[in-house]
Each structure stands twice: as structure tokens, then as C-alpha cells.
Amino acid sequence: QVQLMESGGGLVQAGGSLRLSCAASGRTVSSYVMAWFRQAPGKEREFVAAISRSGGSTIYAESVKGRFTISRDITKNTVYLQMNSLKFEDTAVYYCAAGALMVTSRYDYWGQGTQVTVSS
């Protein structure tokens, strides 16, 4: 079983950048498909990005494609989400997740989340 802890959230102006981190413990990040989700106030949680076990494949939600990049550092057992050109509508709690399949839902393990607020 893996434990996940997100960090790096905060307040940023529209057009700015943030990098979120997801530190894993208990198992290596290469044991799972790792993903980021987000949940805005009053909305359902939505898929943002995922990276395969090998690290060789990534998928993104259309709303973040070209602006966000998911990556990982095996030596640090950490997954990252680099967010550029942030928009007001990117404001949400961002969650890290680990699962078995390269899909946009049905992940097994979740972190507690980190708040990202984009001011317009």
C-alpha cells in the first residue's frame, strides 16, 4: 500500500506558474499509474493528468493540455505537476492518486489534497 502527500499549492496570479509535488511512501511510484485530479468548489472531482508505470506515457485532460506537465523523479519517489499559464478556472484542490490502470477514473489511493488558488 502506498501513502501520498501533496505539497506546493498556494495563491498565484493568472498567467503564473506553480509546481505541485506528490511524495509517495510505502511503495515506489513506478509500482503504479500516478495521476492528478482536482476538485473546484461545488463541482465534481475531475481528472487532470496521469503518467504510466514506466514513465514513458502521459495523458492529460483537454482543459490543461499544453499548459500542465506531469513528471516523476524515481530517486525521490515523487510525482510532479508543473502548471503554467494558470487560469482562474484552475482554482481547485489538487489531489494525487495511484492506481493500476492508465485511465481517467478508478484510482485506489489518494492524498489529502493541496489548494491552488488563481487570482484573476
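Student: Does Tyr 95 count as buried or exposed, and at what relative accessibility?

Tutor: Happy to look at that with you. Tyr 95 counts as buried because its relative accessibility is 16%, where buried means under 20% relative accessible area, exposed over 50% and partly exposed in between, with a 1.4 Å probe and protein chains only. Bear in mind that this is a predicted model, in which local features need pLDDT of at least 70, side-chain atom pairs count only at pLDDT 80 or more, and totals for chains, interfaces and linings use all residues. Residues are numbered from 1 along each chain as its sequence is written, and side-chain values use heavy atoms, with hydrogens and water left out.

Now to the surroundings. Leaving aside residues up to four places away in sequence, Tyr 95 touches Glu 6, Ala 35, Trp 36, Phe 37, Gln 39, Arg 45, Trp 110, Gly 111, Gln 112 and Gly 113; a contact here means heavy atoms within 4.5 Å. Glu 46 is 49 residues away from Tyr 95 in sequence, yet their C-alpha atoms are 9.8 Å apart in space.

Tyr 95 belongs to strand 9; strands (E, at least two residues) and helices (H or I, at least four) are DSSP runs numbered from the N terminus. Seven of the eight residues of strand 9 are buried, so this strand is largely enclosed by the rest of the structure.

Next, its partners, where two strands pair if DSSP finds at least two bridges between them. Strand 4 runs antiparallel to strand 9 over seven bridges, and Trp 36 stands opposite Cys 96 of strand 9. With strand 11, strand 9 makes three antiparallel bridges, and there Val 93 faces Gln 115.

Stepping back, the protein has zero helices and eleven strands. Of its 120 residues, 42% count as buried, and residues 24 or more positions apart account for 56% of the contacts with a separation of 6 or more.
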